Amino acid sequence: MIKECEENVVLQEDMEELVNSGCLFDDLKGNTVFVTGATGLIGSQIVKALACANRLKDSHIRILAFVRSEEKARKVFGSLLDRGDVSLVFGDVNREIETGENVDYVIHGASATSSRFFVTNPVETILTALEGTKNILEFARGKAVKGMVYLSSLEVYGVPGTEDGRVTEKDYGYMDPMSVRSSYSEGKRMVECLCASYASEYGVPVKVARLSQTFGAGVEYNDGRVFAEFARCAVEKRNIVLHTAGNTLRSYCYTKDAVSALLYILVKGNAGEAYNVTNEDTAVTIREMAQCVCDTFPESGISVEFDMPGDLASFGYNPEMVIRLDSSRLKALGWQPTVGLRDMFVRMIQGFGK
C-alpha cells in the first residue's frame, strides 16, 4: 500500500512512530474525521497520521480533508489521494460547509498564520476566525459529532501578568485591542468563547487546543516563521540576524507531539475546556534559541548578530514577554511530549527537501 509521506523519510518515521505508540487510534476506528486547514503544517500531518493508522492498524478511518485549492492539496498529499481512505472536500470556511457524508469528529485548523498578514489584513484575520469557526461549529452541530477540536494559540494569553511567566489555562494577561496586530490574538479569544458557548448552549462537544509554536519534520523550507529562518541560516551557513533583543521567552512543541496532543484532546478532553499544548522543557528566549541552533550545527560556522530596525511594528512582532505554558491539564489525559528542542531542529532540517 502507498505510504503517507514517501517524499519525506523523516516525516514518515514520525507518522509510523506515532501510530505504533498507540495514541488513541483505536478510539477512532471505523469513524469519519473531518479536518479543516488540511494542507497546513498541523492539518496535513493529522491527515497523514490517520492514514498511517489505516495502513498499519487497519483502523478503517474515513478522512475528509477540507481544502480550498486542489492543486495545493495534490502537492501536499500526492499519491496518498489514490488510496481511497483520504477524500478531498472543497470549500471555504467563510461559507456554509456541506458534505453528504456522516461525520463523527471534526478537527478545525483553518486559520491565518502569518504575522505580516495579521498586520496588513487584520479585518480578514478577524472575520476568518469568527465566521469560519461559526460555520464549522454549525456543521459539527448539524452532524451531531462525537468530538471536535479547535486549534487556538498561546497568543490568547497576551502579555502574562504572572511573576515567572508560568501560564495555566486560567491565566490571562494584557492585550491591546486597538493594535491591529491583536487581530489574531483577539480573534482567537473570541472564537474560544464562541466554542464554549456552542458547547454550553447547543451541546457541541468542542474542546480548545492552545498550541505553542510548533515545528519539526514537515516544515517547508521557505516557511516564514522564526524557527524556519534559524534553520535556513544553519543550512545556508548564514549568521542568524535578530531584529530585537531576543528576550521573549516561550516554550515550543514538536509537530508529531502536537498531533498526538490533538488526538488526546479530541478523544479524552472535556467539552468546553481549553488545553495548553507544549513541551515545557523547551522554554527558551529567542536569543537562546538562536544560539542553540549555532551550537547544534557547529559545522555551519554561524553566530548570532543583532540589527535593530527603527520600526518594529511593520514586522508584526509581539511585545516582549515571558510565557511558560503549563501543560499539566493535557498531561492528565495521558499525553507526554517526546522530542526536545535540539532534536526538533535536527529533524526539521533533515526533512528539508526530502
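## Y174 and its loop

Y174 sits in the loop between strand 6 (166-167) and helix 6. Helices (H or I, at least four residues) and strands (E, at least two) are DSSP runs, numbered from the N terminus. This is a predicted model: local features need pLDDT of at least 70, side-chain atom pairs count only at pLDDT 80 or more, and totals for chains, interfaces and linings use all residues. Residues are numbered from 1 along each chain as its sequence is written, and side-chain values use heavy atoms, with hydrogens and water left out.

Is Y174 buried or exposed? Its relative accessible area is 57%, so Y174 is exposed. The cut-offs are under 20% for buried, over 50% for exposed, and partly exposed in between (1.4 Å probe, protein chains only). Y174 touches G158 and V159, not counting residues up to four places away in sequence. Contact here means heavy atoms within 4.5 Å. From Y174 to T296 the C-alpha distance is 35 Å, and the two are 122 residues apart in sequence.

## Helix 5

Helix 5 covers residues 122-143. Its 22 residues should span 32 Å at 1.5 Å a residue, and the end C-alpha atoms are 31 Å apart, which agrees. The expected span is 1.5 Å times one less than the number of residues. After helix 5 comes A144, with a positive phi near 50 degrees.

Among the buried residues of helix 5 are P122, T125, A129 and G132. Their cover includes strand 1 (32-36), strand 4 (105-108) and helix 4 (115-120). It also includes strand 5 (147-153), helix 6 (182-202) and strand 7 (206-211).

L127 belongs to helix 5 too. It counts as partly exposed because its relative accessibility is 44%. V123, I126 and L127 form a nonpolar surface patch, with about 240 Å² of accessible area together. Patches are made of residues with over 30% relative accessible area and no salt bridge; like charges are joined within 9 Å, nonpolar side chains (Val, Leu, Ile, Met, Phe, Trp, Tyr) within 5 Å. Accessible areas come from the Shrake-Rupley method with a 1.4 Å probe; for residues, only the protein chains shown count as cover.

Helix 1 (residues 9-20) has 12 residues. It reaches 16 Å from its first C-alpha to its last, close to the expected 16 Å. V10, L11, Q12, D14, M15, L18 and V19 are buried in helix 1. These pack against helix 2 (41-57), strand 10 (249-254), helix 8 (255-268) and helix 11 (341-351).

Strand 2 (residues 62-67) is mostly covered, with 5 of its 6 residues buried. Strand 1 and strand 2 run parallel, joined by 5 bridges. Two strands pair if DSSP finds at least two bridges between them. F34 stands opposite L64 in strand 2.

## Salt bridges

How many salt bridges does the structure hold? There are 22. Each is a side-chain nitrogen of Lys or Arg within 4 Å of a carboxyl oxygen of Asp or Glu. R74 bridges to E70, with the closest N and O atoms 3.1 Å apart. Both lie in helix 3 (residues 70-77), 4 residues apart, about one turn of the helix. An α-helix has 3.6 residues a turn, so residues three or four places apart point the same way.

D85 pairs with R83 at 2.7 Å between the closest N and O atoms. D85 counts as buried, at 13% relative accessibility. R83 is buried too, at 17%. A network of salt bridges links K3, E4, E16, R55, R83 and D85.

K331 forms a salt bridge with E280, the closest N and O atoms being 4.0 Å apart. This pair links distant parts of the chain, 51 residues apart: K331 is in helix 10 (residues 328-331), E280 in strand 12 (residues 279-285).
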